Amino acid sequence: MSDVISVLLSRNSTKAITGPGPTEAQLQQILATAMCAPDHGRLRPWRFKRIQGENIAHLADLAVKAMADEGRPLAENKEKNMREWLGRAPLVLAVGSYVDHSNDRIPQHERLLATGAAVMNILNAAHALGFGAFWSTGIGTYTDAVPEALGFDPLEYEFLGFVVIGSLQEPVAQKERPAVADHVTDWEPDLA
């Protein structure tokens with residue numbers, strides 16, 4: 001089995017991360033892999049905002065306030081857990097997919113798929129470099145205030161959450177994977 005396939009097969013999402021995060025050179029490598037995502041029409045719709053240091057705590061404050069203001073306050077234990085794992089996170093990338101209203105040739109769902117592929121490349125690259133990472137749709141993703149405060153105006157962007165990257169606190173146990181046969185079937189045309 002090639003090294004690349006071994007890396008892909010061993011990737012797991014994990015919140016059990018801490019500092020340090022990737023160096024600037026490593027982060028540039030990780031982000032460069034996003035630019036290799038399949039992308040119909042070369043629209044490159046993915047957009048990322050880097051959040052580091054004390055700004056991560058400000059993001060947590062913003063999310064808690066936004067959820068409360070929008071009538072969906074976090075339970076005390078959920079807020080505590082979110083603040084604890086964000087408090088250990090050295091790097092958060094906010095993810096948006098740019099909606100180019102001047103291009104109606106390529107549907108928005110294809111742009112979302114391209115952005116998802118870019119994020120998958122980021123997750124794989126972080127793993128290949130020995131970091132832990134996960135894609136979170138918590139942290140106020142489905143509020144109005146959080147995406148807007150991050151510069152993702154809903155008229156121009158579809159906000160897709162956050163990628164959190166850091167050093168592994170401990171090795172991640174390999175998760176049980178579904179059987180390929182449960183998800184793949186052969187198609188044959190009906191020639192009758």
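Here is a short chat about the predicted model shown above.

Q: How many helices and strands are in the chain?
A: Six helices and five strands. Along the sequence, the pattern is α-β-α-β-α-α-β-α-β-α-β.

Q: What does the C-alpha trace span along its principal axes?
A: About 60 × 45 × 35 Å.

Q: And what share of the residues is buried?
A: Buried residues make up 38% of the 192 in the chain.

Q: Let's go to valine 163. Where does it lie?
A: Valine 163 lies in strand S5, residues 157-168.

Q: Buried or exposed?
A: Valine 163 is buried, because its relative accessibility is 0% and the cut-off for buried is under 20%.

Q: Which residues is valine 163 in contact with, leaving aside neighbours within four places?
A: Leu91, Val92, Leu93, Val95, Val119, Ile122, Leu123, Phe134 and Trp135. Leucine 93 is 70 residues away in sequence, yet the C-alpha atoms are 5.0 Å apart.

Q: Now serine 97. Which strand?
A: Strand S3, residues 91-98. Serine 97 also counts as buried, because its relative accessibility is 0%.

Q: What is serine 97 in contact with, beyond neighbours within four places?
A: The list includes Pro45, Gln108, Arg111 and Glu156. Tyr157, Glu158 and Leu160 are in contact with serine 97 too.

Q: Switching to salt bridges. What does the count come to?
A: Six. One of them joins glutamate 24 and arginine 50, with the closest N and O atoms 2.8 Å apart.

Q: Where do the two sit?
A: Glutamate 24 is in helix H2 and arginine 50 is in strand S2. They are 26 residues apart, so this pair links distant parts of the chain. Glutamate 24 is partly exposed at 43% relative accessibility, and arginine 50 is partly exposed at 42%.

Q: What about arginine 83 and aspartate 61?
A: Their side chains meet in a salt bridge, 2.7 Å from N to O. Here helix H4 holds arginine 83 and helix H3 holds aspartate 61.

Q: Which residues are linked with them in a network?
A: The network of salt bridges links Asp61, Glu79 and Arg83.

Q: And aspartate 69 with lysine 65, how far apart are they in helix H3?
A: Four residues, about one turn of the helix. Their salt bridge is 2.5 Å, N to O. Aspartate 69 and lysine 65 are both exposed.

Conventions:
Residues numbered from 1 in each chain as written. Predicted model: local features only at pLDDT ≥ 70, side-chain atom pairs only at ≥ 80, totals over all residues. Heavy atoms only, no water. Buried < 20%, exposed > 50% of the residue type's maximum accessible area, 1.4 Å probe, protein only. Contact = heavy atoms within 4.5 Å. Salt bridge = Lys/Arg side-chain N within 4 Å of Asp/Glu carboxyl O.
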